[in-house]
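Subject: Structure for you to look at

Dear colleague,

I am handing over the structure we spoke about, with the sequence beside it. Please open it first, and then read the notes that follow.

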Amino acid sequence: MEKKMDYKKAGVDIEAGYKSVELMKEHVKKTMRPEVLTNLGGFSGAFSMEKFKDMEKPTLVSGTDGVGTKLKVAFLMDKHDTVGIDCVAMCVNDIACAGGEPLFFLDYIACGKNEPEKIANIVKGVAEGCIQSDAALIGGETAEMPGFYPADEYDLAGFAVGVVDEKNLITGADIKPGDTLVGIASSGVHSNGFSLVRSVFTMTEESLNTYYDSLGKTLGEALLAPTKIYVKTLREIKDAGVRVKGCSHITGGGFYENVPRMLHDGVRAVIKKDSYEVPAIFRMLATDGDIEEKIMYNTFNMGIGMVLAVDSKDVDTVLAAVEKAGEKGYVIGQVEAGEKGVTLI
């Protein structure tokens, strides 16, 4: 007898797709802004530009990124409600670096098998990240791809769009020798360097659930701590009347790759390594993995998620604004004349 095939037998469950959309709607609803003109489930998301009319030269800024192999930790711990925050953070922090305010976000989830409750849990984290950054979750895509991803694994990526008046763009063009570097604390490893993390620590459920006094939590909890979202912190600094001259989001490539991205030729960032306490998770990584210091600073954020270049007269105002936003700030160095780059002392 001829075997009749359909999409479900091929591994794609359309009904599960419908169910996941229904389950995620309650989370998405919490992120809505008045500018959103469409409901979830349409073919595209519409967003009003009415408010841009008050700007002299409204400029769109965008960012796209994923969570990377940090997802492997989430799979092992079967905890999926925070990686969405990471996904949003990686995109909106880049927008905030340019002085922009995130407007809306779209997510893309590709999975081996669509388990509606798991997908809704992932989107719950995405929605939380959007709430933290005042971005509307305006749309997304869940792609069930059997045979491409293992049944219990998925990938997560996102895309954000923000706006800034051109005169308020943070470009680094007016950074000068004598400016102060302020670092804003990270929550841990954030979402970069996890391929190295996973080669240092034993990646089993048992090892991730092991409690360490030095961390004050289990290894898994420390590694899965969601990336800090700095949008509201940078807004607080701006509202305090400070013009941030340069801003660097410390992601893959650590200090050595990211700090020079905000500099122009002729100025150099000099950062004092002992100006703040490096979190325990990084000390553990360096010790257990026998990783030399330069590699650590070239891979991880080492406890600093954002580096700002500001006029030295504004330092106290910046630190007060960071504290008001609920974050921790440190003076970590200064700008000097010299070859473009970064020196860690």
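**Pockets, cavity and salt bridges**

The residues that line the second largest pocket divide into six nonpolar, eight polar and three charged, and please keep in mind throughout that this is a predicted model. The volume of this second largest pocket is about 330 Å³. Its lining is made up of 17 residues, and those closest to the centre of the pocket are Asp94, Cys97, Cys247, His249 and Arg261. Helix α3 (83–97) and strand β8 (246–249) each supply at least two residues of that lining, with β8 giving the most, namely four residues.

The largest pocket holds about 700 Å³ of space. It is lined by 30 residues, of which Gly17, Val21, Gly140, Glu141 and Thr142 are the closest to its centre. At least two lining residues come from each of α1, β2 and β3 (136–144), and β3 gives the most to the lining of the largest pocket, with eight residues. By type, the lining of the largest pocket consists of 15 nonpolar, eleven polar and four charged residues.

The residues lining the largest cavity are Val189, His190, Asn192, Ile250, Thr251, Thr299, Phe300 and Asn301, which divide into three nonpolar, five polar and no charged.

Turning to the salt bridges, the search of the whole structure finds 23 of them. One of these joins the side chains of Glu35 and Lys51, at 3.5 Å from N to O. Both Glu35 and Lys51 lie in the loop between α1 and β1 (58–66), so the pair ties together parts that are 16 residues apart in sequence. The two partners can be described in terms of their accessibility: Glu35 counts as buried because its relative accessibility, 6%, is under the 20% cut-off, whereas Lys51 counts as exposed because its value of 53% is over 50%.

Another salt bridge brings together the side chains of Glu101 and Arg235, at 2.8 Å from N to O. This pair links distant parts of the chain, since Glu101 is in strand β2 (residues 101–111) and Arg235 is in helix α8 (residues 231–239), 134 residues apart. Glu101 counts as partly exposed, at 27% relative accessibility. Glu101 and Arg235 also belong to a network of salt bridges in which they are linked with Asp134 and Lys232.

A further salt bridge is formed by Arg283 with Glu277, whose closest N and O atoms are 3.8 Å apart. Here Arg283 counts as partly exposed, at 41% relative accessibility, while Glu277 is exposed, with a relative accessible area of 63%.

Finally, which residues form a nonpolar patch on the surface? They are Tyr7, Ile14 and Tyr18, and together they have about 360 Å² of accessible area. Tyr7 is placed in the segment before α1 (14–29), and Tyr7 is exposed because its relative accessible area of 52% is over the 50% cut-off.

With best wishes

Notes. Residues are numbered from 1 along each chain as its sequence is written. This is a predicted model: local features need pLDDT of at least 70, side-chain atom pairs count only at pLDDT 80 or more; totals for chains, interfaces and linings use all residues. Side-chain values use heavy atoms; hydrogens and water are left out. Patches are made of residues with over 30% relative accessible area and no salt bridge: like charges are joined within 9 Å, nonpolar side chains (Val, Leu, Ile, Met, Phe, Trp, Tyr) within 5 Å. Accessible areas come from the Shrake-Rupley method with a 1.4 Å probe; for residues, only the protein chains shown count as cover. A salt bridge is a side-chain nitrogen of Lys or Arg within 4 Å of a carboxyl oxygen of Asp or Glu. Buried means under 20% relative accessible area, exposed over 50%, partly exposed in between (1.4 Å probe, protein chains only). On a 1 Å grid over the protein atoms alone, a cavity is a set of points where a 1.4 Å probe fits but cannot get out, and a pocket is an open set with protein on both sides within 12 Å along at least five of seven lines; lining residues have an atom within 4 Å of a point. Ala, Val, Leu, Ile, Met, Phe, Trp, Tyr, Cys and Pro count as nonpolar, Asp, Glu, Lys and Arg as charged, and the others, Gly among them, as polar. Grid points are joined across faces, edges and corners, and a volume is the space filled by probe spheres set on the points.
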